[in-house]
Each structure stands twice: as C-alpha cells, then as structure tokens.
Amino acid sequence: MMRAWILPMLFVLTGSAVATGQVLEGSPGTAAALLLAFLGLAGVSSPLLFPRSVSAQEAQRRSAVDGRPVVYWRPGCTYCIRLRMRLGRRARRLHWVDIWRDPAGAAAVRAANDGNETVPTVVVAGRSHTNPDPDWVREQLAPSA
C-alpha cells in the first residue's frame, strides 16, 4: 500500500521545497502557483483519483454477472490516469483492480502481456486489451447503460 503513495508524496515534498524557496526569494504568488501545481500532480498520481479497487477474483466474479469490463491498473501509471480521466464519471461502472495491492491481479496482467505488468489492461468478455483507447472502453459500457 505504501508504494502507491511514494510518487504523490514526492510531488508534495518537492512542491513544498520549491514553494519555500520562492517565498524566501520574495515571490509568494509564484510560490502559491507552484505549490498548487505540485499538489495537483500529487492528486492525479495518487490512488484517490480511481474508484475503489477490488480483488481480481471479485472483479472477475462481478464482470461475469454484469458483463462490465475489468481494468487492471497501478498508481502513478500515466496511461491509467489518461484512461481514468477520459472515462470521466463512467469509470465508476468498471471493475478496477490495483495490481500493486493484488498479486492475483498482477499475475493476470503478466499472463495477458507475455510476462510484463503492462497497464492498463482491460478485460472484456474474457479477452485482454492492453492500453486500449478510452473511447473504445467507453463503447464497451454502452450495452449495459
């Protein structure tokens, strides 16, 4: 769990240090802007941006019942962030599995990607799709709308 927060914490610490330097140089406006930018980066790269993760087993069970895709992701992944942001509120309708928190999820991703933990990996109807276009993922939700 701690590994997921390393990058966001680095953004917060770096932003604080840079902002402090700007304040000491007499530029409080620049300091505030930089601190907000770094806090934004911390928020975007944190697990807070994503819907609550479930285990791979639970995601597969739910997907078998409702037909919705399963998304395997990890915190800090820019492609995962891109997918999440482009899906908007629809992202909550997917089943999200954090591969850093679930070894079975990581194993499923490795099995689908020739041993690599490439994310996002989206599973629709039992077929894996690595780093799919967000518009395509959105289309996969249309039948259950």
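Where is the place of proline 120? Proline 120 sits in the loop between helix H5 (103-112) and strand S3 (121-124). The model is predicted. A cis peptide bond joins valine 119 and proline 120. Elsewhere, helices H1 and H2 pack with their axes 8 Å apart, and a search of the whole structure turns up one aromatic pair.

**Helix H1**

- Helix H1 covers residues 6-24, which is 19 residues.
- At 1.5 Å a residue, H1 should span 27 Å, and its end C-alpha atoms are 27 Å apart, so the two values agree.
- Pro8, Gly15, Ala19 and Gln22 are the buried residues of H1.
- Viewed down the axis of H1, these buried residues fall within an arc of 55 degrees, so they line one face of the helix.
- Leu13, Ala17 and Leu24 are exposed on the other side of H1.
- Glycine 26 follows H1 and has a positive phi, near 90 degrees.

**The H1–H2 packing**

- The buried residues of H1 pack against helix H2 (28-45).
- The packing angle between H1 and H2 is about 180 degrees, with the axes 8 Å apart.
- Angles over 145 degrees count as roughly antiparallel, so H1 is roughly antiparallel to H2.
- On the H1 side, the residues making the contact include Leu7, Phe11, Val12, Val18 and Val23.
- On the H2 side, they include Leu34, Leu35, Phe38, Leu39 and Ala42.
- Pro8, Gly15, Ala19 and Gln22, the buried residues of H1, are also among the H1 residues in this contact.

**Alanine 31**

- Alanine 31 belongs to helix H2.
- Its relative accessibility is 4%, so alanine 31 counts as buried.
- Neighbours within four places in sequence aside, alanine 31 is in contact with Ala19, Gln22 and Val23.
- Ala19, Gln22 and Val23 are also listed on the H1 side of the helix contact, with Ala31 on the H2 side.
- Alanine 31 and serine 53 are 22 residues apart along the chain, and their C-alpha atoms are separated by 35 Å.

**The aromatic pair**

- One aromatic pair is found in the whole structure.
- Tryptophan 73 and tryptophan 96 form this pair, with 6.5 Å centre to centre and 80 degrees between the planes.
- Planes over 60 degrees apart count as edge-to-face, so the pair is edge-to-face.
- Tryptophan 73 lies in strand S1 (residues 70-73), and tryptophan 96 lies in strand S2 (residues 95-98).
- The pair links distant parts of the chain, as its members are 23 residues apart.
- Tryptophan 73 counts as buried at 1% relative accessibility.
- Tryptophan 96 is buried too, with a relative accessible area of 0%.

**Backbone features in the loops**

- The peptide bond between valine 119 and proline 120 is cis, with omega about 0 degrees.
- Alanine 125 has a positive phi of about 50 degrees, although it is not a glycine.
- Alanine 125 is in the loop between S3 and strand S4 (127-130).
- Its relative accessible area is 76%, so alanine 125 is exposed.
- Asparagine 131 is not a glycine either, yet its phi is positive, at about 45 degrees.
- Asparagine 131 lies in the loop between S4 and helix H6 (134-141).
- With a relative accessible area of 30%, asparagine 131 is partly exposed.

How values were computed: Residues are numbered from 1 along each chain as its sequence is written. This is a predicted model: local features need pLDDT of at least 70, side-chain atom pairs count only at pLDDT 80 or more; totals for chains, interfaces and linings use all residues. Side-chain values use heavy atoms; hydrogens and water are left out. Rings of Phe, Tyr and Trp (its six-membered ring) pair if their centres lie within 6.5 Å; planes under 30 degrees apart count as stacked, over 60 as edge-to-face and the rest as tilted. Helices (H or I, at least four residues) and strands (E, at least two) are DSSP runs, numbered from the N terminus. Buried means under 20% relative accessible area, exposed over 50%, partly exposed in between (1.4 Å probe, protein chains only). The expected span of a helix is 1.5 Å times one less than its number of residues. The arc is that of the directions from the helix axis to the C-beta atoms. Contact means heavy atoms within 4.5 Å. Axes are lines fitted to C-alpha atoms, for helices over the stretch in contact, and angles run from 0 to 180 degrees between N-to-C directions. Angles under 35 degrees count as roughly parallel, over 145 as roughly antiparallel, 65 to 115 as roughly perpendicular and the rest as oblique.
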